[in-house]
Amino acid sequence: MSAQALLAVEDLRVSFATATGVVEAVRGVSFTMGRERLGIVGESGSGKSMTGRAILGLVPPPGRVDARRLEFDGIDLTAAGSKRRRALRGRRIAMILQDPNYSLNPVITAGRQIAEAYRGLSRAAARERALGMLEAVRVPDPERVLRAYPHELSGGMAQRVMIAMMLAPGPDLLIADEPTSALDVSVRVQVLAILDDLVGRGRMGLILISHDLGLVASFCDRVLVMYDGRIVESCRASELESARHPYTRGLLAARPRIDGPGGELPVLDRDPAWRDAPGVCGAP
Amino acid sequence: MAYFPPSGAAPRPGFLPGLPGWLNTALGLLASVALTFLGLLLVTFLIGRVVPIDPVLAAVGDRAPAEVYEQMRIALGLHLPLHEQFLAYVGKVLEGDFGRSVLTANPVLEDIRRVFPATLELATLSILLGVLIGVPMGVVAAVRHGRWPDHVIRVLGLVGYSVPVFWLGLMGLLLFYANLGWVAGPGRLDIYYEGLVEPVTGLILVDSLVAGEPEVFWNALGHLVLPASVLGYFSLAYISRMTRSLMLEQLSQEYIVTARAKGLSEARVVWRHALGNAMVPLVTVIALSYGSLLEGSVLTEIVFAWPGLGYYITNSLLNADMNAVLGGTIVVGAVFIGLNLLSDLLYRVLDPRAR
Amino acid sequence: MKALDDRSAGSFSAGPRAWLMAEAAGSRRQARLGRWYAAWLVFRRNPLAVTGLAIVCGLIVVALVAPWLAGHSPIEQNLQARLLPPGGGHWLGTDALGRDIFARLVHGARITLLIVALVAAIAAPVGLIMGCSAGYFGGWVDAVLMRITDVFLAFPRLILALAFVAALGPGIENAILAIAITAWPPYARIARAETITIRTSGFIQAARLQGASASRILVGHVVPLTSSSVIVRVTLDMAGVILTAAGLGFLGLGAQPPVAEWGAMIAAGRQFMLDQWWVAAAPGLAILVVSLGFNLLGDGLRDVLDPKHG
């Protein structure tokens, strides 16, 4: 890992006060990363999305974010005001959301939504850049897409618009929250290839949040496995197969295999003791 | 007085299969409007039938001999079966013939044409106040959801829902006209300004500017301010409330997260992204609210002696002038239907998904 | 086994609160009461809603005990005591015929309550039946019923009520009827929308498979399930009903003199506005407070019963 981490998270907690008490969605997550690809896997409700949103400072009210340390490129995010956080968002930390059907504004054209990401540029210049970005995400007819409303685009095309929009200002860290799970399987590969290309190696940090172990294992350098708001295992992606935590092993076993026996489907065991046990690290 | 829920621009049924989409939608819309209008005429027709006043007696006097009575009955078409009478009625209305007003002895349509601009002027100024203040209030309430600005705006809106407009108008006159002298009194103009400006549009604010009579303009505005504020408050209550709930819905959408993740300013997220989407259904709300103001002004017009449609209808009603009452009712209903149609069309313009 | 039952169903001996809050109810009655109690707990936390409930309860109490509360006759005239200012023997002064305004206000509460209750009793069932049938049967029944609803919705409410009163003649019964005729269409809309979502749900299919007749399904399942939304809407509408009734009264088309009706009282006070403002101010405030009460109550009820529209 590089001398100065791009992102350092220590004891991150996200909690929601509800009528029936405080619910902790993230309970003490710690990790550091450089300009590498980090995968976070877990089931829905494991707190992986909230971790991503907490880094961006976008936890919806009444959510509360606490951390002993939350540093991005040497900037202490816990102490940064909302203005500072906003200046970082988009320009230096960007996020791709899951379903382009909902995550793009339905009444604004794709071109305008991309152009919005360039702050302080003239309209024509922003449009020019947006066009360039659409070409970079391999949109076949960028002029048309520029003028199109989101509902006129296919899911794959809309997600490319999303990627173009988020990568437009050239961020240092990209958080991709299930970027392909709402897409058709055939489109997933293309979108992933585009993402792979644009993120590059060592150019920016990427946090890929997914429930898909295989995807994370093949796309990322390192993997964090989250369970019930905590990291239960962290290891190199290449060593995921030899993971030690019983939960990770359970997840691995639950993957459907085309060559596997067609017998009874494995059921995930859940041990209440995992809730508070320290996480394990894969082969050092 | 109470508002109806926005009917929403529910997708209207297509008219005929096989036609091009837009034509089909347009024809379907037109058919639906025509049917509603026909229903409206049926209701006014039936109301006209159950009135205890005998139209024949009203025409011939109660000492007329039986033959004269019978002749009049036939002349008025009352011997025909009900459905034929109704068809004749529809035909007349479509020709713009609402009959003659007993009170003014003019054709009802002519009377309505004369009084309508006064109502239009009042309602338009009121809706402007309602939108320009109500929408921002609703947005602020939604953004500050659950905190004191939200509570203040909520209570302010509920009071606006609960206050009798005619009473508010009276109290306003007492305070701002009689005691403080800040505004002009009842009526559209002070007596010595009347007749100075030739009515062209009938809207005094417009006519006086066109005629180059700024004094008349200011005087008319002085008369308009209070009734428009009273009605404007009424529509503000409704608009701010609807804006709030529509904005709350929009602010919880995923595209808002995207907009924030892009680093857009909160103002841009709220006013461009969220309000841009909330505006789509809000247009329906505003159109319906405008329609309700055209009628909600009935009582306000009485209080402010405002010579508009509501004043005309009520006055005719109190003098048992049924032709005028029903004619006015049809016109108001038609305006309502027209506004509904307009909001439907605007919806299609504003929402790219509905085009 | 016994012990387990006690724990999950919450025995009454453990206290009514525990019994009401039990996770698993032992009987239908317990389940229903428990649900109401849970709703009440939510409702209670909203001070505005509680204020609304207090106002509405206050209206009912005042209407019940009006003769004892008033202190004066609401209709007996005393021309020696005309237009007295508030104070002395008359809390809120007297009107142009020397009648005690407070006594008239208190008796006016009865008229207001009567109008509200009757309009709700007529309009809500009509709306429910129209809407539920339209939604449940669909097809041409739906088309016809909803077209009728649309026609009524196309009319501005006050104007339609005015036209009906014009046809039927002024008077409180006709005013109530006219308001009810104009009030039901929104309920039909709501009931229809709810019915359409309920119609396809599993338990309705199950009931149909068991051979339940359409009327049985409608009355036994659909109507009860749609009524909470309609009740919320009716409560919210009551303020509008009060305002419309007051408007008709103000125009002299509602309750006829000498009955004490708030709208008519404002109209009567209008000519003395400049010097005896309280004659018109007091009944207006009464209308404002009572309709605000219904609005606050309806708002609170909506938060409890119908959270998705909050």
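Entry 1. I began with B:Thr243 and found it buried, with a relative accessible area of 0%. The cut-off for buried is under 20%, so B:Thr243 qualifies at 0%. I note that the model is predicted.

Entry 2. I looked up where B:Thr243 sits in its chain. This residue belongs to helix H9 of chain B, which covers residues 214-251.

Entry 3. Which backbone oxygen does the side chain of B:Thr243 reach? I found that of B:Ile239, at 2.5 Å.

Entry 4. I then set aside the neighbours of B:Thr243 within four places in sequence and listed its other contacts. They are B:Gly134, B:Val135, B:Gly138, B:Val139 and B:Leu282.

Entry 5. I turned to chain A and looked up its secondary structure. Chain A contains ten helices and twelve strands.

Entry 6. I checked the overall dimensions of chain A. Its C-alpha trace spans about 60 × 50 × 45 Å along the principal axes. A compact globule of 284 residues would have a radius of gyration near 19 Å, and chain A agrees because its value is 19 Å.

Entry 7. How much of chain A counts as buried? I read 52% of its 284 residues. The accessible surface of chain A is about 13100 Å², and carbon and sulfur atoms make up 51% of that surface.

Entry 8. I looked at contacts in chain A with a separation of 6 or more. Of these, 68% join residues 24 or more positions apart.

Entry 9. Last, I looked up the charges of chain A. There are 37 positive and 33 negative side chains, and the centres of the two sets are 6 Å apart.

Definitions and conventions
Residues numbered from 1 in each chain as written. Chains lettered and ligands numbered in written order. Predicted model: local features only at pLDDT ≥ 70, side-chain atom pairs only at ≥ 80, totals over all residues. Heavy atoms only, no water. Helix = DSSP H or I, 4+ residues; strand = E, 2+ residues; numbered from the N terminus. Rg over C-alpha atoms; globule rule 2.2 N^0.38 Å. Buried < 20%, exposed > 50% of the residue type's maximum accessible area, 1.4 Å probe, protein only. Contact = heavy atoms within 4.5 Å. Areas by Shrake-Rupley, 256 points an atom, 1.4 Å probe, with all protein chains shown as cover. Lys, Arg positive; Asp, Glu negative; His and termini not counted. Charge placed at Lys NZ, Arg CZ, Asp CG, Glu CD. Polar contact = N/O pair within 3.5 Å; in protein donor to acceptor, adjacent residues only side chain to side chain.
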